[in-house]
Amino acid sequence: MSEELKVANGTKAEKYAELLPQIQAVVSGESDLIANMANVASMLHETFRFWWTGFYRVIDGELVLGPFQGPLACTRIAKGKGVCGTAWQQRQTVIVPDVDAFPGHIACSSLSRSEIVVPVIRQGEIIAVLDIDSQHLATFDSVDRENLEKITSMLTE
Ligand code: SME
């Protein structure tokens, strides 16, 4: 396929609908997980112009910063800490409409206002999380959850 991302104008759902097959094409052509995480972070970030889009990988019992797009970020997060560590501990996607109202939110950037964290699951085990931050309140909803869960499952198929 062409190495250029193509995304139409339109609703969020329409953008995801156009993005998903392109992500599938990119990740199915490559077996290296980190390479695929890097391209997924780029494609999501370019499409939606999020504030920060990236992965934390589970390494030796903590989350360690992986491929991302956006500003400098904290490198390690313990299980149960912040939104990322909570999604890992609870084994489910966490949507935070207002990070100031989430106890224990880790503010890597003071400009982040809302956040979604989606686990990456391989054979029942969480091996990473996809973390996306927005500069706006309440950016993320069930449309993001459903599509991002499809995207994270593409990484481990
Ligand atoms: N806000 C996250 C930390 C990671 S940064 O946003 C990139 C959290 O509370 O887990």
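Reader: In which strand is Ile59 found?
Author: This is a predicted model. At 29% relative accessibility, Ile59 counts as partly exposed. Its C-alpha is 29 Å from that of Gln135, a residue 76 positions apart from Ile59 in sequence. The strand that holds Ile59 is β1.

Reader: Is Asp60 buried or exposed?
Author: Asp60 lies in the loop between β1 and β2. The cut-off for exposed is over 50% relative accessible area. Asp60 has 79%, so the residue is exposed.

Reader: How many Å apart in space are Asp60 and Ala107, C-alpha to C-alpha?
Author: Asp60 belongs to the loop between β1 and β2. Along the sequence, Asp60 and Ala107 are 47 residues apart. In space, C-alpha to C-alpha, the separation is 23 Å.

Reader: Which cysteines form a disulfide?
Author: A pair of cysteine sulfur atoms counts as a disulfide within 2.5 Å. By this rule the count comes to 1 disulfide. Its sulfur atoms are 2.4 Å apart, and the cysteines are Cys74 and Cys108.

Reader: How many residues apart in sequence are the parts that the pair Cys74 and Cys108 ties together?
Author: The disulfide is formed by Cys74 and Cys108. Cys74 sits in the loop between β2 (62–69) and β3 (76–78), while Cys108 sits in the loop between β4 (94–96) and β5 (114–122). The pair therefore ties together parts whose separation in sequence is 34 residues.

Reader: What is the relative accessibility of Cys108?
Author: Cys74 is partly exposed, with a relative accessible area of 23%. Cys108 also counts as partly exposed. The value for Cys108 is 36%.

Reader: Which element gives the most to the lining of the largest cavity?
Author: The structure holds 1 cavity of 30 Å³ or more. The largest cavity has a volume of about 140 Å³. Elements that give two or more residues to its lining are β1 (52–59), α3 (82–90) and β6 (125–134). With 3 residues, the element that gives the most is α3.

Reader: Which residues are the closest to the centre of the largest cavity?
Author: The volume of the largest cavity is about 140 Å³. Its lining is made by 19 residues. By class, the lining has 12 nonpolar, 4 polar and 3 charged residues. The closest to the centre are Ile106, Cys108, Glu115, Asp131 and Asp133.

Reader: Is Val83 buried or exposed?
Author: Val83 is found in helix α3. The cut-off for buried is under 20% relative accessible area. Val83 has 2%, so the residue is buried.

Reader: What is the distance in space between Trp88 and Asp60, C-alpha to C-alpha?
Author: Trp88 is found in helix α3. At 7% relative accessibility, Trp88 counts as buried, whereas Asp60 is exposed. The two are 28 residues apart in sequence, and their C-alpha distance is 14 Å.

Reader: What is phi of Arg49?
Author: Most residues other than glycine have a negative phi. Arg49 lies in the loop between α2 (33–48) and β1 and is exposed, at 64% relative accessible area. Its phi is positive, near 55 degrees.

Reader: Where is Ala138?
Author: Phi of Ala138 is near 50 degrees, a positive value in a residue other than glycine. Ala138 is exposed, with a relative accessible area of 52%. Its place is in the loop between β6 and α4 (142–155).

Conventions: Residues numbered from 1 in each chain as written. Predicted model: local features only at pLDDT ≥ 70, side-chain atom pairs only at ≥ 80, totals over all residues. Heavy atoms only, no water. 1 Å grid on protein atoms, 1.4 Å probe; cavity = no way out; pocket = protein on both sides within 12 Å on 5 of 7 lines; lining within 4 Å. Points joined across faces, edges and corners; volume = space filled by probe spheres on them. Helix = DSSP H or I, 4+ residues; strand = E, 2+ residues; numbered from the N terminus. Nonpolar A, V, L, I, M, F, W, Y, C, P; charged D, E, K, R; others polar. Buried < 20%, exposed > 50% of the residue type's maximum accessible area, 1.4 Å probe, protein only.
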